[in-house]
Amino acid sequence: MTRCVWCTRTFEPPVTLQDLLRWRPLPVPALCSSCQERFTPITGAHCPACGRQQATTIRCHDCERWGTETLTNHALFQYDAGMKAYMQQYKFQGDYALRKALQAPLYRALARQTYDVLVPIPVDQHTWLTRGFNQVTGWLRDQPFQQVLRVKADHKSQPQSAKTRAERLVTPQPFMLDAAAAKIIANRRVLLLDDVYTTGRTLRHAANQIYLGGAKAVTSLTLAR
Amino acid sequence: MIDLSEYFGRRLSAATGTSQLGMGMPAVQQVGAHYQCQRCQQWLADTDQLPNGAWYCRQCLQLGRVTSQTKLYTIPEPNRFSPPESPLTWTGELSPDQQQAAESIRQHVQLGQNQLLWAVTGAGKTEIVYPALAWAVTQGWRIAWVSPRVDVCLELAPRIRAAFAAVSQCLLYGEQSAPYQYSQLTVCTTHQLLRFDQAFDWIIVDEVDAFPLATSPLLQLAITRAEKSKGQHLYLTATPGEKLQRQIRQRTLVTTYLPLRYHGYLLPQLRVRLAWRWRERLHKGRLPRPLIRQLLAYLGKGQRFLLFVPHVRDLPEIMAELGQQGVRGGVSVHAADPERTGKVQALRDQKLSYLVTTTILERGVTFSNIAVVILGGDDAVFSTAALVQIAGRAGRSADFPDGEVTCYVQTQTRVVRRAQAMITRLNRQGKQRGGRRP
Ligand SMILES: [Zn+2]
Ligand SMILES: [Zn+2]
Ligand SMILES: [Zn+2]
């Protein structure tokens, strides 16, 4: 018997014969099956640039509009009603325990990526004090990461979610590189990690700074698109 | 500049502290080796710590997160109201029975007693409380009318607003956006009481036996703390649970009965019919023959009906079989159905002949002249209270007080017998007051 971290009901985790034959402690799922079903994984055809679910494998309209400012992003789940409800409780209500809900799928996704250094998108000082955690690093279990990006002190912290697409696209560069960054990222392949890919503006700002630090390649992974 | 009245009788966090609010108390406090939330009094798990070092409470998260870095502030309730001389603007009339119950409640309130109003479904229990409420308002009391169910609050608030038009009022529930306003009358969900601290002179708890209040120590604590130490409360119920019934028997709780519905007719009794292996048959997509015959007969004479079934997952099979057997002209509806309101209205407007539904329609939904059929009344989802409530759907209107209620079971369970016993008991008391058989 285990308790679902989201709906807090107890449930019986499914056990397969394979699990039993592995002779290892069974992984305890964080979510019951009905909470699990609230997330929609992105499978099959998707945009090769931003990772959104679509019928074709050609670059989507939004990515075309970015022109030459390219970035390759992968995303795990669709940003649908279920994911929004999750983000609402985890990020905005600040329910840190919900980080466990997506640790396992993120763990598997990271294992499929090719990179040398993992860089999570940081939160600003105000968010750190009020929310008390960085929602992105919360999803990491013990994978090593480097916090080489910082939010500039003068960056006005207005949540991206409160802005229109046009407003987001003109957001000025919010990030700066940590003093020790160059040593860590020069000539390395960097994977950026963020929660939601909406317009791609934030990730491109981050990627630009990482390139300035001398990285040889930058890609990104988000939980939702 | 903060509005201090927001803190009258409350236990609330402040975005910015101010000297007028005093020191406040940490919202999460260490007690021994553990941490306890001072808003909901629940214990935190050992894992509920944030990377910035603060501890946070998950139990009352939906009221906005509090942590060990949050402070809660209270200003003792000053009862700063200017009540009108005659606050009751309701112009309806109470029946002699209702009047008698209303008088009894008012007397006990004046004596400062905790009490229970046990009134059958359809007795008009809200209006029965009005005279006592009017008196309490003139005393300058602060009063809360609470229910564990949001839909009850939403239905209640406009009625009370109209009945006490000149009294300051506010409605509080989970997802609303209207700002809080210090008011003499508060209609809210039981959860919202967690934001109060010794605020109310009188708390009226509607549907005291409804989920989740009946099983939640957290919500019961919320009521206790929101009530002033010299305050009192009134429980309203149509179907008291075991614990309340014991208190009634032992006379430890002052009780006013209203065993009669406002039109003076007795409650329809559950008629139990045996339906051998209804569940196994249902899995094979079949329904009991007597049930089909009964439903066809209803359709034949134009009698609308509600068919209650235990589970949402049963609905597709049942609808398919009903269609097969020629029981047409109805639809199914369940709690999460987006068209729920429309379907209920269609039945009311006689555009539908029947609804097949789960227990969600048991309370608060009224149709005039409706027959009620329960398939699987012995299923665990139906509590005694639920069965009595479902029976109460029938015969709600004075023009059609006769409502048939049939309950199909495989075995006669204790729950079903208790429901019948409760109806019998209510009807016995109703008869003493001159209640009529329909
Ligand atoms: Zn769950
Ligand atoms: Zn794209
Ligand atoms: Zn709490």
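Predicted model: local features only at pLDDT ≥ 70, side-chain atom pairs only at ≥ 80, totals over all residues.
User: What makes Arg58(B) and Asp95(A) a salt bridge?

Analyst: A salt bridge needs a side-chain nitrogen of Lys or Arg within 4 Å of a carboxyl oxygen of Asp or Glu. The closest N and O atoms of Arg58(B) and Asp95(A) are 2.8 Å apart, so the pair qualifies. The count between chain B and chain A is one salt bridge.

User: How many residues of each chain are in contact, and how much area do the chains bury?

Analyst: With contact meaning heavy atoms within 4.5 Å, 10 residues of chain B touch 14 residues of chain A. The two chains bury about 1,000 Å² between them, 44% of it on carbon and sulfur atoms. Buried area is the accessible area (1.4 Å probe) that two parts lose on being put together, summed over both.

User: Why is the site of the zinc ion (ligand 3) called tetrahedral?

Analyst: Its protein donors are the SG atoms of Cys37(B), Cys40(B), Cys57(B) and Cys60(B), lying 2.3 Å from the ion. Donors are N, O and S atoms within 2.8 Å of the metal (3.2 Å for Na, K and Ca); water is not among the atoms, so sites may look incomplete. Four donors count as tetrahedral if all angles lie between 85 and 135 degrees. The angles here are 103 to 116 degrees, and the arrangement is therefore tetrahedral.

User: What are the donors and angles of the zinc ion (ligand 1)?

Analyst: Cys4(A), Cys7(A), Cys32(A) and Cys35(A) coordinate the ion through SG at 2.2 to 2.4 Å. The angles among the four donor atoms are 106 to 116 degrees, and the site is tetrahedral. Along the chain the donors follow the spacing C-x2-C-x24-C-x2-C.

User: What makes the arrangement around the zinc ion (ligand 2) tetrahedral?

Analyst: The SG atoms of Cys47(A), Cys50(A), Cys60(A) and Cys63(A) lie 2.2 to 2.3 Å from the ion. Those four donor atoms subtend angles of 106 to 115 degrees, which makes the arrangement tetrahedral. The donor spacing is C-x2-C-x9-C-x2-C.

User: How are the residues, chains and atoms treated?

Analyst: Residues are numbered from 1 along each chain as its sequence is written, while chains are lettered from A and ligands numbered from 1 in the order in which they are written. Local features need pLDDT of at least 70, side-chain atom pairs count only at pLDDT 80 or more, and totals for chains, interfaces and linings use all residues; side-chain values use heavy atoms, with hydrogens and water left out.

Conventions: Tetrahedral: all angles 85-135°; square planar, octahedral: opposite > 155°, others 65-115°.
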